Each structure stands twice: as C-alpha cells, then as structure tokens.
Amino acid sequence: MTITVGAEDKELSARLDEELTAFNQAATGASDEAELSVRATDDESGEIIGGLTGWTWGGLGGVSMLWVRDDQRGTGLGTKLMRAAEEEARRRGCDRMIVSSFSFQAPPFYRRLGYVETGRSEGIPGGNVDVHFYKPLGPVAAPAFQLAVVLDYPAGAAEDALAYEEKALALLPRHGGRLERRLRTADGLSEVHLLRFPSEDAYRAYLADPERTPDGRITARVLEVTEVHG
C-alpha cells in the first residue's frame with residue numbers, strides 16, 4: 001500500500017464521488033441526486049453577474065455557492081437567485097433547503113429569507129465561524145394553469161363588446177385568476193389576454209360564473225400555454 005499526498009486529483013475526486021454516492025443511495029434509499037444551478041447574465045455584454053450552484057437529493061435542496069458581482073450587490077439579485085433555486089427545488093419535489101455561510105459573508109441575508117440557524121462550526125480563519133441554516137419550503141406548489149385568449153370584436157359594435165369584456169375580466173379575482181398581460185391591435189378590433197389561474201378547476205369555475213354570460217358577438221380562441229425558459 002502506498003499513501004500519496006498532493007494537490008488536486010481529478011481521478012481520485014471522481015472515484016470518491018462515485019463510491020460515496022453509491023453508499024449514500026444504498027443507506028438512504030434516495031437515488032435522485034442532481035446538480036442545481038442558477039445563472040444571471042448581463043443582457044448587453046453576456047457576462048455572468050451572479051450565480052448559484054447546489055444540489056437536490058431525496059426531498060432536500062442544498063446551496064453550495066452563491067455569488068453576486070460587486071456592482072450588482074444591493075439590487076436584489078441575490079434574493080432572485082435564491083428564490084429561483086427554491087422554486088426549482090420545489091419543482092423537483094423538495095420541501096426543505098440547507099445552506100452554510102461564513103460569518104463574514106451573508107448570514108443576515110439568509111435570515112431575511114427565512115432561514116433558521118441550526119449550528120456553527122468554529123475555527124474558520126480570522127476568528128470566524130461557519131453558520132449553518134435550514135428552511136422548510138412547504139408543500140410543492142401545483143403548476144399554474146395559463147391561457148392565451150385571442151379576441152376579435154365586431155367592427156360595428158366594438159365599444160359594446162369591449163365593455164362586456166371589462167366586466168368579464170373583473171370576475172377573475174373571484175376565482176383566483178389574474179390578467180397578466182393585455183395586448184390590443186391599433187384598430188381596436190382584436191385583443192390578446194394572457195391569463196393565469198391556480199388550477200384548471202379554477203378556470204372552469206370562472207367559465208361557469210353566473211355573472212359571466214358570453215357575448216355571442218365576440219369571437220374567442222383560447223389556448224393553454226406553458227412557460228418556456230431557454
């Protein structure tokens with residue numbers, strides 16, 4: 001047997017990761033470990049201005065590293081990165097998150113986001129400590145039911161049809177619905193409404209609302225849509 005001490009050893013790291021992952025999966029029964037990342041880039045330069053790396057495993061999400069460029073600090077970018085990571089963790093079935101932060105880094109930041117300190121590791125250089133945090137994420141939220149509605153108003157009665165549509169849109173909050181965006185053509189004869197409901201059942205309840213009597217003069221095409229992030 002030979003013991004070798006050195007610096008970075010990619011082959012050794014890969015082997016340890018493989019062996020420990022297999023051991024952990026056998027011990028816990030959780031085999032869904034996956035990497036997690038959130039990247040923020042400047043729209044003009046394409047440069048990275050912040051980011052987060054972490055992982056999810058067996059209902060638990062973890063943040064490994066979080067960084068925001070100096071000129072972006074105080075803009076809320078760090079919060080957006082964390083919220084995006086939490087949302088993705090929920091989507092993967094996680095109901096809890098953990099993160100650690102040196103005392104000279106950002107413990108107050110994590111506390112503001114609802115993370116609770118669970119322990120400390122002493123002995124960090126400079127007389128600092130490593131602060132460990134935990135946060136329950138709650139139940140996994142069901143995906144929203146989203147619609148794009150294309151409306152064509154009659155040329156001879158566009159004003160009356162528009163007045164009807166205003167009344168119909170006013171009923172949305174009653175069923176948990178929300179008008180996220182409204183677009184109108186220059187001639188005022190067509191509109192596109194982007195609607196969001198908490199579920200398809202909520203949308204059906206909106207359609208069945210007794211105060212919502214369809215105006216036969218309006219031609220409507222309803223499309224269920226899904227958000228695409230690329």
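Predicted model: local features only at pLDDT ≥ 70, side-chain atom pairs only at ≥ 80, totals over all residues.

Residues are numbered from 1 along each chain as its sequence is written, and side-chain values use heavy atoms, with hydrogens and water left out.

**Stop 1: the chain start**

Select M1. M1 sits in the segment before α1 (10-28); helices (H or I, at least four residues) and strands (E, at least two) are DSSP runs, numbered from the N terminus. M1 is exposed, at 97% relative accessible area. Here buried means under 20% relative accessible area, exposed over 50%, and partly exposed in between (1.4 Å probe, protein chains only). Together with M1 they make a nonpolar surface patch of about 490 Å². Patches take residues with over 30% relative accessible area and no salt bridge; like charges are joined within 9 Å, nonpolar side chains (Val, Leu, Ile, Met, Phe, Trp, Tyr) within 5 Å. Areas come from the Shrake-Rupley method with a 1.4 Å probe, and for residues only the protein chains shown count as cover.

**Stop 2: the cores**

Select M82, Y110 and Y115. They have the most contacts inside the largest nonpolar core, which has 23 residues. Such a core is a set of buried Ala, Val, Leu, Ile, Met, Phe, Trp, Tyr and Cys residues joined through side-chain atoms within 4.5 Å. Which element gives the most to this core? Select α2: it gives five residues.

Stay on M82. Beyond its neighbours within four places in sequence, M82 is in contact (heavy atoms within 4.5 Å) with L52, V63, L66, F109, Y110, L113 and Y115. Now move to a second, separate core of 18 residues, with Y153, A158, Y164 and L171 among them.

**Stop 3: the rings**

The structure holds seven aromatic pairs. Rings of Phe, Tyr and Trp (its six-membered ring) pair if their centres lie within 6.5 Å; planes under 30 degrees apart count as stacked, over 60 as edge-to-face and the rest as tilted. Select F102 and F104. This pair is tilted, at 5.5 Å centre to centre and 35° between the planes. F102 is partly exposed, at 28%.

Next, select F145 and Y203. Their ring centres are 5.6 Å apart and the planes are at 35°, so this pair is tilted too. F145 is in strand β7 (residues 145-152) and Y203 in helix α5, 58 residues apart. F145 is buried at 8%, and Y203 is buried at 9%. For a ring cluster, pick F109, Y110, Y115 and F133.

**Stop 4: the charged pairs**

Side chains of opposite charge can pair when their charged atoms come close. The structure holds 19 salt bridges, each a side-chain nitrogen of Lys or Arg within 4 Å of a carboxyl oxygen of Asp or Glu.

Select R73 and D70. Their closest N and O atoms are 2.9 Å apart, and both residues are exposed. Then take R91 and E88, with closest N and O atoms 2.7 Å apart. Both lie in helix α2, three residues apart, about one turn of the helix.

Finish at E191 and R182. Is E191 buried or exposed? E191 is buried, at 1%, whereas R182 is partly exposed, at 27%. Their closest N and O atoms are 3.0 Å apart.
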